[in-house]
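Take a look at the protein below. Then read on for a short tour, from the whole chain down to single residues.

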Amino acid sequence: MNDSEHGATIRRLFDAVRALPESARHARMLELGADPLQIAEVDSLLVADAETSAWVDGQSARADGAAQGDAELGVGDMLGSWRLLEEIGTGGMGAVYLAERSDGHFDQRVAIKLIRGIPDTQTFVHFARERQILAKLQHPNIARLLDGGATPGGQPYLVMEHIEGIRIERYCADHALDLLDRIRLFQKVCEAVHFAHQRLVVHCDLKPSNVLVRSDGTPVLLDFGIARALDQQPGGREEQSASAWVTPLYASPEQLRGEVVTTASDVFSLGLILFELLAGRRARVDAQDHTITLLGKAAVRPSDLANAMPWSSRLRGDLDAIVQRATASDPAQRYDSAEALALDLQRYIELRPVTARRSSAAYRIGRLMRRRWPAFAAMAAVLVLAAAFTWQLAIERDRALNAEQEAKTQAKTAEQVSDFLVSVFNVSNPKSKQDRTISAREVLDQGAQRIDAELEDAPRVKARLMEVLGTAYRYIGESARSVELLERAAQLYQDPRVAQPLSAANVLSSLAVVYSNNEYPASKAENAALQALALRERFAEADSLPIADALNTLAIVRQGQDQLDEAEALLKRSLAIRERRAGAESVSVASSLHNLARTEYLRGEDLEKAIAYFERALDLKRRLGGEHDPDFEITQAELGKALRDARHHDRALEVLGDNLALATDLYGEDSEHVAGAHNELGYLLHDMGRFEAAAQEYRASMAIRTRLGNAEVASFAIPLNNLASALEDRGDYAAAEPLFRRSLELRRSGQDADSTMIAHAEYNLARLLLKLDRPEQAGPLDASALAIYRKHYDDDSRNVIKVKLQEVQRLLDLQEVEQADALLKQVSASRATFNDASLAKRHGLAARIAERRDDIKSALAESEQALAAIRKAWGEHHPLVLAYALQYARLLSREGQDAKARALVASVADLADSFAETSLERKQLARWQR
């Protein structure tokens, strides 16, 4: 039976008997075909507290309707000469009280167990006989039975020595006992149990709570009160009482079956206690744990389950076998006695063969060698030294030959790479190309074309050149050509003919960055970054610079996926390694600072922190490589973007202007880097309300990308979308629409289907369609964008909220005022953090709803707040203020405040110069002026 079938059987049995009286459960399980171990497992499930005793012979104390919890005596009551002070334990058999002698003869404290639920005379006679037997157990590791009798109500009680101590497993944990100390402590327990067995007494309920350890480390067995005398007639009341009360978690299978109890039953319980001390956990921890059953079948070992213990590997072999023998399902396969168990543990301590394992010559010799290791070590040392000397000579010879061969291979590769590059650059020799300037791209193109034709038989050289040329294309902004060559280089480095996994990891890391920075599908960037990390974790030294590089690359990918918390954690790990390995003043540290800055920038919560990071990175790069450097240019561009978003417009204009000039100088006019610089400068001018100037920069960016042949790639959607937005903000909706549609088309063709970049494009096009009074066409786009955003963000994120606000606007355009109002209230009640632009839109929509309901005062109040918010977002005199000002002025006029309305319109009239002649804003302003 496999684990799944076994679990199903246990669950079936449990369900079948859980509602039955305790007295009927075992009989019903036997009828259903359960075996003893299955009965034991079901009993464990039925016991709420694993330490609580339970009836197992069907004679529950509840059978007569009396509640088991009803107690005849309690704290403060007298029982003979004893006063009950406090309850110190309870269980199915009864309650245990701390008591003191109160007759004045002498001071003495004891533990008194009141036996519940056995009121008949015959049982009382049995307990009297048991007391006489147990009183003879005088042993330093056994709590003495001092007295006993019956309460006035006829319930038996036992007076036992009170032991000040803690449970054995807790003592071991609290005192941090090591493996051998735990075994020695357990051996003392075995000696006490064997002492009782020699006097024909079986404990019957051994468990950790019945073994207390005094402060001096002496273990003491408790609760011999339910023990059985082995010299009584089998099947009599003595035997029944001995097997009537058990703790299912530690009881042997035969006890659970109600069979004759022998010393083997105590050995089984001792085996489970030993398991707990060695493995640091119970043999059964929950309802799904079948360890006890598996131990009985020798199908599991303590070493398999002792992962939390520092000695888990030392349990393998001898100790595993000892526990498995002690807990065997068949009593005949267990140790003959507790003494035999203790002796086998002593053999383990003395490094002698244990009887629990099959004895073989190799096993016996192994134990002998461990016992006599000095002699064997001396003999082995001589042999090892001789062998090691010979082996070392061979190793050094092989190492020298391998190093020589590798050096020759590397030198040959470098020479071939050098020769190839020299031949490629001969294309720019004036003798071969008169009166013509050769561009870097033309040189790279010629080299790339020749690789396949000339290097088919030199895969190492071919891989290296593909990497070199792919990296060069990357630095001049040719992402498509860079990706093509780097992908092939990564594959070739992993070819068995080349077998350079760390070189492959370098290329994959570069690929991931190119993918991420150029709007390739997020899955491609993620796969490349994870492959690079896996290769470096396998072949590079732990916490080395290659590992730091892989973490840094994966962080860049996570930034592109908006997983900014994970990105930050990866970057901090990478930075710590780089500072330790490369030093605080290193290029790699500057790179980590740059990427940490970018994470803060993308998060958008603390732009000043992002700016500080960028400035640290820029200053370090300036000191290390100067300003005329591609790495410096990259950080300079990002700093300009952060300054722009933080509304430091004057400084941003200076930084981004300098960056455009630097990029042009570094890469030439026709470069993706220069195209990107034009785009970012346009973005800043756009934010400043200079829509026409922004459009010129966007067009310049698109023109460069078109000349580079990149008008059909996903990254072209960036300036395309921005130009459409500038035309939209300028009021030229007709010109903006085809650009938005083309941007969406490019992103759908170049991105994963659930990419947020697609959602951004869908949202933008839907926004324009609403302005064109086509709400029916906008609906599906908003729905698609919302579905994508919800895959990546929660419902309170800014992206989800902006689509919902746009849906409110669409519902209003469709005259669905009530639905629009309900959705706006839902959005307003969310936990979302609204920026000033979102607040302006929210208040503006609320004003429209109030006006539709002829609640002009509310509309006026909301419109006033909208105007204040948009001015806070964009500045007091930004062109985007005009539409909000005109709405507010119109409501003022409806309220009869014409003078205030005219003054407001006059204060913003000059903003109309920023809009197209056919724009809605100019038309509305013209109506006011007329």
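**The whole model**

The model is predicted. Its mean pLDDT is 83, and 82% of the residues reach 70 or more. The secondary structure comes to 38 helices and 13 strands. Of the 930 residues, 50% count as buried. The protein exposes about 42,700 Å², and carbon and sulfur atoms supply 50% of that area. Now take the contacts between residues at least 6 apart in sequence. Among these, 61% join residues at least 24 apart.

**Parts to read with care**

Where does pLDDT stay under 50? One such stretch is residues 233-244, for which the model has 25 contacts beyond four places in sequence. Another is residues 411-416, with four contacts beyond four places in sequence. Where pLDDT is low, the predicted coordinates should not be read in detail.

Start with strand E2, residues 78-79, and strand E3, residues 82-90. They pair in the antiparallel sense over two bridges. Leucine 79 has tryptophan 82 in E3 as its bridge partner. E2 and E3 form a hairpin, with two residues between them. Glycine 80 sits in the turn and has a positive phi of about 65 degrees.

E3 also joins strand E4, residues 94-101. How many bridges link E3 and E4? There are seven, and the two strands run antiparallel. Glutamate 86 has leucine 98 in E4 as its bridge partner. In a regular strand the side chains alternate between the two faces of the sheet.

**Helix H22**

Helix H22 covers residues 587-603. At 1.5 Å a residue, its 17 residues should span 24 Å, and the end C-alpha atoms are 25 Å apart, so the two values agree. H22 is mostly covered, as 13 of its 17 residues are buried. Just after the helix, glycine 604 takes a positive phi of about 75 degrees.

Now pick out glutamate 600, which is found in H22. Is glutamate 600 buried or exposed? Its relative accessible area is 6%, so it is buried, given that buried means under 20%. Which residues does glutamate 600 touch? Leaving out residues up to four places away in sequence, they are Glu568, Glu605, Asp606, Lys609, Ala610 and Tyr613. Glutamate 568 is 32 residues away in sequence, yet the two C-alpha atoms are 8.5 Å apart in space. A polar contact of 3.1 Å joins its side chain to that of glutamate 600.

Most residues other than glycine have a negative phi. Leucine 351 has a positive phi instead. So does aspartate 543.

Are they buried or exposed? Buried means under 20% and exposed means over 50%.

How values were computed:
Residues are numbered from 1 along each chain as its sequence is written. This is a predicted model: local features need pLDDT of at least 70, side-chain atom pairs count only at pLDDT 80 or more; totals for chains, interfaces and linings use all residues. Side-chain values use heavy atoms; hydrogens and water are left out. Two strands pair if DSSP finds at least two bridges between them. Helices (H or I, at least four residues) and strands (E, at least two) are DSSP runs, numbered from the N terminus. The expected span of a helix is 1.5 Å times one less than its number of residues. Buried means under 20% relative accessible area, exposed over 50%, partly exposed in between (1.4 Å probe, protein chains only). Contact means heavy atoms within 4.5 Å. Accessible areas come from the Shrake-Rupley method with a 1.4 Å probe; for residues, only the protein chains shown count as cover. A polar contact is a pair of N or O atoms within 3.5 Å; within protein, one must be able to donate a hydrogen and the other to accept it, and residues adjacent in sequence count only if both atoms are side-chain atoms. pLDDT is the predictor's confidence in each residue, from 0 to 100.
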